[in-house]
Amino acid sequence: MEEFFKVSFQSFWTVSNLDACMQDKIVHAFKTVLECQSSSRKSVEQIFGLIEYMQISGDIIPIPITTLATSAERHQYYERALYYREIEFRETSGLRYRDWE
């Protein structure tokens, strides 16, 4: 059922040609859940799963990396937190991945 939700959301996000206002409202709702101290772990987990699915599929939900990293840390998703902090570091330092090797 969860995979069906992800595919459905992706279709809704990309195919239905949502206007910018509606996309902003969805992003704001996701950010609100991620930033709220009392959000359930299950809700946060589902948003992270959806963001990851969209990213793998080549679509981006424009939530700041800092927000994702902070939320992952707060909810003890340390692997995701590290992943987002690495992206944040690369973006702020200007280093490309191959520069690390």
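Where is the place of Arg90?

Author: Arg90 has its place in helix α5; helices (H or I, at least four residues) and strands (E, at least two) are DSSP runs, numbered from the N terminus. The model is predicted, so local features need pLDDT of at least 70 and side-chain atom pairs count only at pLDDT 80 or more, while totals for chains, interfaces and linings use all residues. Residues are numbered from 1 along each chain as its sequence is written, and side-chain values use heavy atoms, with hydrogens and water left out.

Arg90 is partly exposed because its relative accessible area is 23%. Buried means under 20% relative accessible area, exposed over 50%, and partly exposed in between (1.4 Å probe, protein chains only). Between the C-alpha atoms of Arg90 and Gly49 there are 22 Å, and the two residues are 41 residues apart along the chain.

Among the residues in contact with Lys6, leaving aside its neighbours within four places in sequence, are Gly49, Leu50 and Tyr53; contact means heavy atoms within 4.5 Å. Lys6 lies in helix α1 and has a relative accessible area of 10%, so it is buried.

Helix α1 has 13 residues, and from its first C-alpha to its last it reaches 18 Å, close to the 18 Å expected at 1.5 Å a residue. The expected span is 1.5 Å times one less than the number of residues. Lys6, Phe9, Gln10 and Trp13 are the buried residues of α1. Down the axis of α1 these buried residues fall within an arc of 100 degrees, so they line one face of the helix; the arc is that of the directions from the helix axis to the C-beta atoms. Their cover includes α2 (20–35) and α3.

Helix α2 has 16 residues and reaches 22 Å from its first C-alpha to its last, close to the 22 Å expected at 1.5 Å a residue. Ile26, Val27, Phe30 and Leu34 are its buried residues. Because they cover an arc of only 95 degrees around the axis, they are on the same side of α2. Asp24, Lys25 and His28, on the other side of α2, are exposed. The buried residues of α2 pack against α1, α3 and α4.

Leu34 leads on to α4. Ser71 has its place in helix α4 (residues 65–74) and is buried, because its relative accessible area is 1%. Leaving aside its neighbours within four places in sequence, Ser71 is in contact with Leu34, Val44 and Phe48.

Next come the aromatic rings. The whole structure holds seven aromatic pairs. In one of them, the rings of Phe5 and Phe9 have their centres 6.4 Å apart and their planes at 40 degrees, so the pair is tilted. Rings of Phe, Tyr and Trp (its six-membered ring) pair if their centres lie within 6.5 Å; planes under 30 degrees apart count as stacked, over 60 as edge-to-face and the rest as tilted. Phe5 and Phe9 are four residues apart in helix α1 (residues 2–14), so about one helical turn separates them. Phe5 is partly exposed because its relative accessibility is 43%, whereas Phe9, at 9%, is buried. In another pair, Phe48 and Tyr77 have ring centres 5.8 Å apart and planes at 80 degrees, so this pair is edge-to-face. This pair links distant parts of the chain, with Phe48 in helix α3 (residues 41–56) and Tyr77 in the loop between α4 and α5 (78–93), 29 residues apart. Phe48 is buried, with a relative accessible area of 0%, and Tyr77 is buried at 13%. The charged end of Arg41 sits over the ring of Tyr77, 4.2 Å from its centre; this requires NZ of Lys or CZ of Arg within 6 Å of the ring centre and within 35 degrees of the ring normal. Elsewhere, Phe5, Phe9, Phe12, Trp13 and Phe30 form one aromatic cluster.

Last, the chain as a whole. The protein chain has five helices and zero strands. Of its 101 residues, 32% count as buried. Along its principal axes the C-alpha trace spans about 40 × 30 × 25 Å. Of the contacts with a separation of 6 or more, 55% are between residues 24 or more positions apart.
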